[in-house]
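Please open the structure in a viewer and keep the selection tool at hand.

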Amino acid sequence: MLVNSQNNSACNVVEAPLTEADAQRLADHLKALADPVRLRLVSMLATAPTGELCACELPEAVSKSQATVSHHLGLLVNAGLIEREQRGKWAWFRLRHDRLALVRSALGEGATPRRTRKPVVLFLCVHNAGRSQMAAGFMRNLAQDRVEVVSAGSEPATTLNPIAVKAMREVGIDIRRSTPQRWTDELARNADVIVSMGCGDECPVFPGTRRVEWPLNDPAGQSIEVVRPIRDEIKRLVTGLIDELTGPCC
């Protein structure tokens with residue numbers, strides 16, 4: 001039985017097209033543009049035959065006073081959307097097309113398709129020698145390259161459980177090259193799903209990271225006859241998790 005402590009809907013992990021820094025800059029640009037007068041000024045600069053306009057031409061064009069126009073132009077300059085150049089008595093203005101490109105991209109112009117990355121699954125047990133290694137082996141074999149797989153333990157053994165290795169070889173999966181390792185905060189933080197198999201309070205919990213519990217018997221010290229049903233149950237659970245992570249969203 002799969003017990004889920006978080007929302008059980010999952011898809012490939014969507015990566016935001018905008019970085020946090022770009023999103024902040026875009027928010028500042030949109031705030032600067034959120035005024036009818038400033039939008040009209042930007043539209044005039046965008047359609048100017050020479051790509052620039054003198055401040056002396058703008059008040060009459062937008063039916064505002066010189067002081068009002070100067071105020072709005074100053075806000076656009078401070079936001080980095082336009083540039084100002086003083087020529088004698090008058091200032092001339094032109095658009096910063098590189099800054100406006102960020103606005104256009106966020107609105108979909110020239111945008112690339114939504115980027116996704118493979119979900120990361122971290123399998124955890126106590127010794128990282130049996131259950132978590134079998135689960136990782138099944139996940140790699142069945143999901144192929146659709147899921148990134150990691151396994152670790154709270155008290156890792158020095159070698160794999162040879163009976164677990166034998167049980168997996170019976171179904172055509174070779175896990176002999178895997179090495180038990182201790183889980184770290186970095187491994188856990190990078191995971192989208194943490195699957196715990198009996199490591200109890202030692203298993204990490206991070207806000208926003210889905211954690212599931214698979215109550216499986218420990219194959220340590222057991223015969224192959226005892227380990228086979230554990231192996232088959234792990235395969236069933238892994239198959240279900242793959243369907244959740246790689247199936248159609250929504």
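A nonpolar core is a set of buried Ala, Val, Leu, Ile, Met, Phe, Trp, Tyr and Cys residues joined through side-chain atoms within 4.5 Å. The model shown here is predicted.

Begin by selecting Val-121, Phe-123, Met-139, Val-195, Trp-214 and Val-238, which touch the most other members of the largest nonpolar core, a set of 33 residues. Strand S7, helix H6, helix H7 (162-170), strand S9 (193-196) and helix H9 (224-246) each supply at least two residues of this core. The largest share, 9 residues, comes from H9.

Next, centre the view on Val-195. Beyond its neighbours within four places in sequence, Val-195 is in contact with Val-121, Leu-122, Phe-123, Leu-124, Val-212, Trp-214 and Leu-241. A second, separate core comprises 21 residues, among them Leu-58, Val-69, Leu-73 and Leu-81.

Now select helix H2, residues 36-47. At its start, a side-chain oxygen of Asp-35 lies within 2.9 Å of the backbone nitrogen of Val-37. The buried residues of H2 are Val-37, Arg-38, Leu-41, Val-42 and Leu-45. Seen down the helix axis, these buried residues fall within an arc of 135°, so they line one face of H2. They pack against several elements, including helix H1 (20-33) and helix H4 (66-78). The exposed residues Pro-36 and Thr-47 are on the face of H2 turned away from the buried side.

Finally, select Gly-130, in the loop between strand S7 (120-125) and helix H6 (131-143). Is Gly-130 buried or exposed? Gly-130 is buried, because its relative accessible area is 8%, and buried means under 20%. Its C-alpha atom is separated by 5.6 Å from that of Asn-161, 31 residues apart along the chain.

Notes. Residues numbered from 1 in each chain as written. Predicted model: local features only at pLDDT ≥ 70, side-chain atom pairs only at ≥ 80, totals over all residues. Heavy atoms only, no water. Helix = DSSP H or I, 4+ residues; strand = E, 2+ residues; numbered from the N terminus. Buried < 20%, exposed > 50% of the residue type's maximum accessible area, 1.4 Å probe, protein only. Contact = heavy atoms within 4.5 Å. Expected span 1.5 Å × (residues − 1). Arc of directions from axis to C-beta. Polar contact = N/O pair within 3.5 Å; in protein donor to acceptor, adjacent residues only side chain to side chain.
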